[in-house]
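My notes follow in the order of the look-up.

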Protein chains: 2
Amino acid sequence: MKFLSTSIVIGTIILSFSLEAAQWETLPEIAPEPKDNPTSKEKVELGKMLFFDPRFSSTGTVSCFSCHNVMEGGDDHRSVSIGVHGKKGGRNAPTVWNSAFHLSQFWDGRAATLEEQAKGPVVNPVEMGMNDLDGALKRLKSIPGYKVYFDNIFGEGESITVDNAAKAVAAYERTLITPNSPYDLYVKGDKKAMNEQQVRGMETFAAKGCAACHSGPAFNGVTKGVTSGVFMKFPTFADNEYVKKYKLIDDLGRYESTKKEADKHMWRVPTLRNVTYTAPYLHNGAVKTLEETVKVMAKSQLNMDLEEKEVEDIVAFLGALTGKFPEQIMPHLPPTPGDLLE
Amino acid sequence: MKFLSTSIVIGTIILSFSLEAAQWETLPEIAPEPKDNPTSKEKVELGKMLFFDPRFSSTGTVSCFSCHNVMEGGDDHRSVSIGVHGKKGGRNAPTVWNSAFHLSQFWDGRAATLEEQAKGPVVNPVEMGMNDLDGALKRLKSIPGYKVYFDNIFGEGESITVDNAAKAVAAYERTLITPNSPYDLYVKGDKKAMNEQQVRGMETFAAKGCAACHSGPAFNGVTKGVTSGVFMKFPTFADNEYVKKYKLIDDLGRYESTKKEADKHMWRVPTLRNVTYTAPYLHNGAVKTLEETVKVMAKSQLNMDLEEKEVEDIVAFLGALTGKFPEQIMPHLPPTPGDLLE
C-alpha cells in the first residue's frame, strides 16, 4: 500500500514523496483551525446562517450555498456555475466539503485561507455580484437580527465587519468534513470496509502514480510537512486527443491571477474526497463521467493509457472516498427589512 | 375579543361571519392531510429532498426552496421572484409556511391543492423553466439515488411519477407549520404571552374589520365550515393614492387564470402568520413595510384612515403571529450523473 519514492519538478514547484510520507492517511474528524480564528459553536452557527443567506448578493438570490450545495457534493452539478442575472462563471465550482484541508483556495489557489476565499464570490460580478464588500456589509448591518449574533461572538460594538463575517463563514466551513469513508475505515483496520475491486483500485491508483499528487488525508497533495498550497501543471502532457476535445489548455490557470509565466496551466491539486458526488469534472467541468476523467488524467498527467479494467477499479476505489456527511440542522435567518434590496 | 356578525358580498363570493365563527382560533400543531395522500415520515423526507433539489429546473439552479426559503419567512424577500436565467416573475412569492391551511394555492388560487400547486413552478418559464413535466420526470429518473425512496413509499415498479413527486412535496409542505406563536399562547390562556400593545392591536384588528377576511387559525378566512378557497376583491375601494402609487390594479388577479369577469381583482386571502418575516408585501411586492401595508389595506378594503397609533398597535399584534419554526435537518441529496443537464 506504499508507493515509490518519487520527486516531481513542475515549473517552480517541487513535490517529494518518500515511502513514509506517502502512506495512506485517514481524514481527521476535526479540521485544523487558524490561531486567529478559533472555532466555536456560536461562530459556526453564525457562519452557517451567512453561508445560506442569499441577501448578500445583488439580486438577493445567490448565496454560498447556491454553488456549494452541502445537501449534495458541495458543488452545483453544473460544468460552470450560474450567478446573479443568470451569468455564467468560467470554472467548475470546487466542492466546499473538506475545503478546510486545502492550503489554498479556488482552482488557482489565489486565496490562502478560507477566510480570504469567503470574500471573493460576494463581489464577483458573475457570482454574487455586489459592487464592493462595503455594499455587502451595509446589507448585513441593515438586517437587525444579525447584530446579537455578532456581538455575542466578537464582542459588543463594531462587531459586524467583513472580516468577522468571513471568519464565521470559514469556521462553519471547517465543520464540513466527511471522515469515516469506507477507505478510512479500511485504512484504520476494517478490511471489509472496501470490496475487492476497491482494494484493487487502491493499489492501481498508487502503482500508476495518481497518488503522487493526490496524496494525504484529502488526496490533494497536502501531507505532513507541506505548509502551502500544492500546485501542479495540468495538462503536463498536452499533446493528446482529450486536451483538444475538452479544451483543457484554454484556461491558463494560476497565471490568470498571478501573471507569472511559471504559473501558466498550474492548478491547485483538488481533493478526491466524495468525488463521485461532484460530476461534471475538471476546472472547466468539461468531462462528464469519472471514468472518462480518470482516462484524461492518466493520459495528460502520466502519459499513460489505462486498460478499461484499471479504470473501472480506480473508479470503484474513488467511490470508497465518499465519507459520512454530517447531519446539519437548517439555520433560521433573521427577517428582512422591506427595503433591503434597494 | 369577538367581532360583530357581518356578511360581505364581493363578486360571486359570500363570506358570512357569526359571533361564534369569528372567535380567535389557534393554529393546530398538525396540518390536515387529504385522504389520497396520507402523510408519512418517509414521504415527508422524500418531499424535503425534492423541495430542495435544484436539478428539476432547466439550468439546475432553481428549486422550490429558491423562492420559498424555509430558513426565512418561506418566501424570498424580493418584490417579485427571480427564476432561471435571471427572469423575473410577476407576483410576490407567497410564503410556504402554513400553506397547508389554505384551501387554494397561488395568489389567484388557481390550484386547489398543494399537490396541484407543486407542479406549476416546474414548468413556468420564469420560474424553474422546464419545457414540460415529462422533462422534469426524465431528470428525476436519471438520478439513480432517488429510486429507492420512491419504491419504499409508493411501491416498487413505476413508483417515480410526477404525481408521486408532487404528493411527496405536498406532504413535506404540510409539516411547514408554525404553531405556538405568542398569539396562540395568549388565546390558549397565557395572558402574558402578548404585551399590552399587542393585545390592544388585536382588539383594533378585530374592531376595524381586518378580521372579517383575515379570520381562522391562519388568518386567511378559512374557518369552520369553509370548504374552498376564500377570495376577496382587492382593492375594494380603488380610488385612493395608495392604489395609484403601488399600481394595485394593474394585475387582474384571479381573472388572469379564469377569464371570468367576476374574478377581476379577486385574490385569495393570504395568511398573516409570520407576516413580519415576509416583506415586501402584497401581490406585487410593491409595499415595503408592514406599517404601510396596514394603511394600504385599511384604506383599500375598509375605506378607512387609521391613526398612527392604531397602525402601530396592529403591527405589534401581527408580530405576535410569528410562531415556532420547526427544527429541520437538511436533506442529503443523491449524486448527479454528469450528463444530467444535457
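**Pocket and interface notes**

I began with the lining of the second largest pocket and found that α11(B) gives the largest share, seven residues. I note that the model is predicted.

I then listed the elements that give two or more residues to the lining of this second largest pocket: β1 (6–10), β4 (266–268), α11 (290–302) and α12 (308–319), in chain B. I recorded a volume of about 790 Å³ for the second largest pocket.

How many residues line the second largest pocket, and which lie nearest its centre? I counted 41 lining residues, with B:His214, B:Pro270, B:Leu272, B:Leu282 and B:Met297 nearest the centre.

I turned next to the interface, where 39 residues of chain A are in contact with 38 residues of chain B. I noted that the two chains, A and B, bury about 3300 Å² between them, with 67% of it on carbon and sulfur atoms. On the chain A side, I found that A:Met71, A:His77 and A:Met330 lose the most area to chain B, together 22% of what that side buries.

I finished with charged pairs and found two salt bridges across the interface of chain A and chain B. I also looked up the salt bridge between the side chains of A:Glu72 and B:Arg55, for which I recorded 3.4 Å from N to O.

Methods: Residues are numbered from 1 along each chain as its sequence is written. Chains are lettered from A and ligands numbered from 1 in the order in which they are written. This is a predicted model: local features need pLDDT of at least 70, side-chain atom pairs count only at pLDDT 80 or more; totals for chains, interfaces and linings use all residues. Side-chain values use heavy atoms; hydrogens and water are left out. On a 1 Å grid over the protein atoms alone, a cavity is a set of points where a 1.4 Å probe fits but cannot get out, and a pocket is an open set with protein on both sides within 12 Å along at least five of seven lines; lining residues have an atom within 4 Å of a point. Grid points are joined across faces, edges and corners, and a volume is the space filled by probe spheres set on the points. Helices (H or I, at least four residues) and strands (E, at least two) are DSSP runs, numbered from the N terminus. Contact means heavy atoms within 4.5 Å. Buried area is the accessible area (1.4 Å probe) that two parts lose on being put together, summed over both. A salt bridge is a side-chain nitrogen of Lys or Arg within 4 Å of a carboxyl oxygen of Asp or Glu.
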